[in-house]
Amino acid sequence: MQGSRNERGIWMARGGKGEELVVLLHGIGANAAAWQPLVAAIELRGTHRWLTLDFRGHGRSAMEGPYGYAAHAADVAHALRDEAPATFTILGHSFGGVIAALVGSGWFGVVPKAVATIGVKLEWTDAEIAKVYDMASKPPRTFATRAEAIERYLKGAGLFGLVDPAGEMAAPGVREVPGGHQVAVDPRVFTAVGPPLERVFGLVSCPLRMAAGAKDPMVTLAAMQRIDPGAQLFDGLGHNAQVEAPATVLDFALSPAA
């Protein structure tokens, strides 16, 4: 997946063909490489273009805040500024699903044809939020070897066991620094967690569909159905369904009801 930074310091990649565009937004702690299996499915289908990016503070993008939901949504909207209205669908995974919903509000000057989300954690306890803020307050850990940093990245992104540590999907998750290697994530990105997400999803002004892997421990069908009564579970899949079964997730995102 070849890409480059834009003038806002956001790493982006595009490809595919066709009038319709699928915008792919990754989860917190991950990066656009997590979409490689689904990008391959889009390319194989040959009917859509695709666009993906690393959120600021992640992967190959600038490690500069602010890192709130609105800042990320503004970055996405900027990337879509030249797209014709209502010709693109946004598919967001986990944290990326929240950003997709915010873009889908229309508040940022672009309105997608539809928003589809997978694996969005909607329910957060006070203890979970406190733990995340504690993570955000600590400096990045430096590992002696690249292999150790990659293992930490894959575990943090929920990709351990799904992605080859020596492959190109893992590579953007780490960076070399003086004295060793770090996960390519600014810990401060976790300060975005906290605002009630049902309110965010209530802002969506276009068709919205939600799904999750049936084995995803962070998501319940009941929580999704409070927002999308037609929400669904993918049998046998976990949190990173887009890696485990990309064709299934793509069919879901592009279905007429989305």
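1. From strand S6, Ala114, Ala116 and Ile118 point one way and Val115 and Thr117 the other, and all are buried (under 20% relative accessible area with a 1.4 Å probe, protein chains only). S6 covers residues 114–118, and five of its five residues are buried. Strands here are DSSP runs of E of at least two residues, and helices are runs of H or I of at least four, numbered from the N terminus.

2. The model is predicted: local features need pLDDT of at least 70, side-chain atom pairs count only at pLDDT 80 or more, and totals for chains, interfaces and linings use all residues. Residues are numbered from 1 along each chain as its sequence is written, and side-chain values use heavy atoms, with hydrogens and water left out.

3. S6 pairs with strand S5 (residues 88–93) in the parallel sense over five bridges; pairing requires at least two DSSP bridges between the strands. Thr89 stands opposite Ala114 in S6. With strand S9 (residues 208–213), S6 runs parallel and is joined by four bridges. Ala116 is opposite Arg209 in S9.

4. Helix H4 (residues 126–136) has Ile129, Val132 and Ala136 as its buried residues. Viewed down the axis of H4, these fall within an arc of 60 degrees, so they line one face of the helix; the arc is that of the directions from the helix axis to the C-beta atoms. Ala127 and Lys131, on the other side of H4, are exposed (over 50% relative accessible area).
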